[in-house]
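Here are my notes on the two-chain model you sent over. Have it open while you go through the points.

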Amino acid sequence: MMTIEEISSKSQTLITTGEKITFLASLLDDLTQLHQENCVPYRKIVESFFCEYQPMSSIEQVPFIPIGLFKQIELKSVPSSSIVRALKSSGTSGNTSSVFLDKVTAINQIKVLTEIFQQSVSSKKIPMIVADFEHTSNPGDSINARVAAFKGFSIFASETHFLMDQNSKILINLLREIQEKYENSEVFFFGFTFVIWNDLLDKLEEEGIRLKFPKAILIHGGGWKKLTDLAVSNEEFKDRVKDRLGVNKVLNYYGMAEQTGSLYFECEESYLHTTPFGYIIIRDFKDLSVSENGEVGIVQLLSVIPRSYPGHSILTEDIGMVIGDGGCKCQKPGRYFKILGRLPEAEIRGCSDVYGNI
Amino acid sequence: MFTGTSNANFEILVGDHTALAECPQISYFDSKVIKFLKELSSAILSDELSRSHGDVVAFAYWIRSSNLDSAVQKYTIESNRTGYGMCMHIAPSNVPLNFAYSLVCSLLAGNRNIVRVPSRIFPQVDFLLDRVRKILAIKEFHAVAHAVCIVRYERNDQVTRELLKFSDLKIVWGGDKTVNQIRSIPTPAHCKEVVFSDRKSASIIDEKSLAGLSEIELFNLAEKFYTDTYLFDQNACSSPRIIFWISSPENSFSKERFWSALATVAESKYVLEPRNLLLKFTELSKIIVTSDMKKIMGGPGELLSRFKYSAKGEPLSHQLTNRFGTFFEHDLANLDELAPILDSGIQTVTYFGVQPRRIVEFVIRHRIKAIDRIVPVGKALDFDLIWDGYDLPRTLSRVVTFT
């Protein structure tokens with residue numbers, strides 16, 4: 001297995017998109033093999049549903065498993081004694097998804113995130129201002145995706161400020177102090193898309209406050225579902241951040257708790273870009289065949305990070321579209337894409353359960 | 001007096017929720033009830049608008065005149081029956097019209113009724129209730145109207161508890177979770193209960209009989225099997241999830257013919273929504289991981305998936321979580337081999353090429369707890385006054401003895 005550093009430097013020597021993808025495919029093949037050897041449930045699934053899979057064919061041939069499976073069964077490729085942390089994410093269906101990290105995978109998450117952050121945001125540590133409150137947890141505790149995200153980003157922070165008290169109330173005075181101190185310095189704001197919109201920006205509007213952070217960047221992620229329900233577009237989001245918070249550079253990121261660290265940042269053209277560590281494939285709604293660029297379908301995400309659990313290739317519940325392979329106006333190379341939301345809930349037909357929640 | 005109206009989501013759709021303790025004004029197989037049902041049936045069947053609701057039409061067809069007349073004939077031999085009084089119905093949230101069947105059974109038995117319909121809004125429920133309201137408003141059905149109160153509310157134990165206070169009888173549909181949930185709500189000590197727990201269903205098909213079918217007959221059978229299964233994503237308790245083949249080595253090709261006919265029917269009719277495709281993928285993976293079952297064919301992107309059943313592990317009814325066009329199958333040399341496989345969670349058996357009488361005899365001979373209902377392929381979803389082994393009009397009424 002190559003280290004993240006080796007992957008990074010090798011990837012830089014490759015010139016064409018084709019070479020880069022072949023290299024990424026070989027890394028993913030290694031992971032498929034690793035998990036087949038060490039995770040019996042995964043091996044059974046691959047043998048049953050991907051019987052034609054052969055390593056070194058193409059990246060589209062890499063087997064994938066449905067994201068819902070992490071909520072149904074424990075998937076581990078290392079002995080329980082090697083697990084240093086369980087990452088929990090609560091899905092909309094109420095079941096909790098568990099991802100088990102060993103030391104190597106946990107460190108690789110940070111290394112990959114660092115590489116991606118340095119390329120997309122800033123190469124030096126700058127103050128971080130979090131639109132959330134400070135969650136406390138002990139080492140070894142299982143943590144949720146929201147905490148994991150800001151803990152991950154906090155490694156790029158020279159100092160950290162939390163904008164909320166424990167009751168999720170925005171601390172307006174603190175925000176004013178921060179503005180005085182950092183008005184003309186590089187800082188980054190970080191928060192969940194919906195929290196920024198609903199808690200931070202609403203509060204500023206309510207109080208009639210307009211701030212100015214001309215050199216700041218706002219990084220947000222966690223999904224558009226709630227904002228799509230409110231019919232808020234990415235453009236409107238950016239405009240309101242500019243207007244109220246006075247931050248001009250707004251970067252949305254996309255990623256899964258099941259592939260923590262492997263993020264995709266938006267470029268100036270508002271497209272998400274793949275990285276040397278992660279890739280996206282769009283699959284057909286009906287038969288899961290690979291969709292052409294420009295076609296809308298189900299998002300499959302691939303990442304070189306997961307070694308302690310078989311999550312290197314996941315079929316998500318998101319809908320997306322690949323725009324192209326190279327050629328984005330932003331000049332960044334590689335595959336660029338858009339995420340268009342989540343698959344709609346299906347109608348339930350028949351008599352399974354009842355009085356319950358429907 | 002019921003006070004649950006303080007709940008903002010509590011809606012009375014039909015009838016009156018006051019004076020719930022009053023006795024019914026209808027009797028067992030009351031002629032006014034029969035007449036009301038017949039009128040309801042013809043009102044729906046003659047209404048062009050009802051054509052867009054297949055389930056409403058099926059219900060109207062079920063309460064058509066001739067069907068009711070034969071029920072009257074069968075049940076009114078006993079003259080010493082009367083309703084219990086007030087019956088509360090908890091209908092499943094995801095089978096829109098289940099409540100209507102439940103209500104009809106209880107009205108025939110001579111009870112007053114409070115019916116909770118699904119909290120989710122279904123157009124066919126509103127369509128049906130609109131017709132019910134119109135007919136109940138006719139003066140001659142005053143006594144029937146007194147027996148019908150239909151309500152809609154979000155899951156709320158407090159409201160359910162208030163309603164159950166007046167109940168002499170309760171009917172709970174929808175499975176183990178709901179049954180246990182409703183059981184935890186106190187009811188008057190004398191309140192009877194009829195509950196429908198989680199059930200799963202199977203098919204028994206004879207390979208030799210199958211081999212004798214022409215291509216057209218085979219497709220007809222596949223269409224019927226499709227209706228029993230794919231139509232409700234196999235979620236219905238009476239939808240078969242496993243086929244037991246009475247095998248005939250020289251005719252074993254016939255099952256492949258059947259599956260390929262079924263796949264063709266599914267290709268032309270079935271829409272697997274993307275969300276359900278993902279769910280199917282997850283569920284298939286879980287089967288592979290947690291059981292010894294082997295896939296015969298059909299991955300997550302295909303409409304027909306087959307698994308070789310393995311009896312190892314949990315009871316059959318717990319293993320039958322498969323749906324969205326996923327079938328387990330198992331070869332039998334004869335029916336008797338089935339006895340150790342079945343458990344009390346198995347409700348309906350649909351059959352082809354096997355004498356139903358033989359299946360009844362098999363159940364009785366082996367004294368197994370499984371199988372309440374044996375119907376031909378194509379009839380799995382047809383509701384009957386006898387359901388889950390309960391003769392509903394009789395179960396929902398009492399006998400007054402005299403000597």
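Before the numbers, one definition: two residues are in contact if their C-beta atoms, placed from the backbone, lie within 7 Å. Please also keep in mind that this is a predicted model.

1. Contacts along chain B. Take the contacts in chain B between residues at least 6 apart in sequence: 76% of them join residues at least 24 apart. The secondary structure of this chain comes to 15 helices and 17 strands.

2. Overall dimensions of chain B. Along the principal axes, the C-alpha atoms of chain B fill a box of roughly 65 × 50 × 45 Å. As for burial, 45% of the 403 residues of chain B count as buried.

3. Chain A, for reference. Here I find 10 helices and 15 strands. Chain A has a radius of gyration of 21 Å, close to the 21 Å that the globule rule gives for 358 residues, so it is as compact as a globular protein of that length. The box filled by the C-alpha atoms of chain A, taken along the principal axes, is roughly 60 × 60 × 45 Å. Buried residues account for 40% of the 358 residues in chain A. Of the contacts in chain A with a separation of 6 or more, 70% are between residues 24 or more positions apart.

4. The interface. How many residues of chain B are in contact with chain A? There are 37 from chain B, and they touch 32 residues of chain A. On the chain B side, α8 (176-183) and α12 (274-290) each supply at least two residues. The largest share, 11 residues, comes from α12(B). By class, the side of chain B that touches chain A divides into 15 nonpolar, 14 polar and 8 charged residues.

5. A helix pair in chain B. Have a look at α1 (residues 31-45) and α3 (residues 65-75) of chain B, whose axes come within 9 Å and cross at roughly 160°. That angle makes α1(B) roughly antiparallel to α3(B), because angles over 145 degrees count as such. The crossing of α1(B) and α3(B) is right-handed. On the α1(B) side, the residues that meet α3(B) are Ile34(B), Leu37(B), Lys38(B) and Ser41(B). Their partners in α3(B) are Ser65(B), Leu68(B) and Val72(B). Sorted by class, this contact has 4 nonpolar, 2 polar and 1 charged residues.

6. Two backbone angles to check. Most residues other than glycine have a negative phi. Phe29(B), though not a glycine, has a positive phi of about 50°. You will find Phe29(B) in the loop between β1 (11-14) and α1 of chain B. Phe324(B) also has a positive phi, near 55°, and its place is in the loop between α13 (316-319) and β12 (326-332) of chain B.

7. Are those two phenylalanines buried or exposed? Phe29(B) is buried because 22 other C-beta atoms lie within 10 Å, and the cut-off for burial is 20 or more. Phe324(B) is buried too, with 23 other C-beta atoms within 10 Å. When you go back to the model, please look at both loops, the one holding Phe29(B) and the one holding Phe324(B).

Note on methods: Residues are numbered from 1 along each chain as its sequence is written. Chains are lettered from A and ligands numbered from 1 in the order in which they are written. This is a predicted model: local features need pLDDT of at least 70, side-chain atom pairs count only at pLDDT 80 or more; totals for chains, interfaces and linings use all residues. Helices (H or I, at least four residues) and strands (E, at least two) are DSSP runs, numbered from the N terminus. A residue is buried if 20 or more other C-beta atoms lie within 10 Å of its own, exposed if 12 or fewer, and partly exposed in between; C-beta atoms are placed from the backbone. Ala, Val, Leu, Ile, Met, Phe, Trp, Tyr, Cys and Pro count as nonpolar, Asp, Glu, Lys and Arg as charged, and the others, Gly among them, as polar. Axes are lines fitted to C-alpha atoms, for helices over the stretch in contact, and angles run from 0 to 180 degrees between N-to-C directions. Angles under 35 degrees count as roughly parallel, over 145 as roughly antiparallel, 65 to 115 as roughly perpendicular and the rest as oblique. A crossing is left-handed if the near helix is turned anticlockwise from the far one by less than a right angle, and right-handed if clockwise. The radius of gyration is taken over C-alpha atoms; the globule rule is 2.2 Å times the number of residues to the power 0.38.
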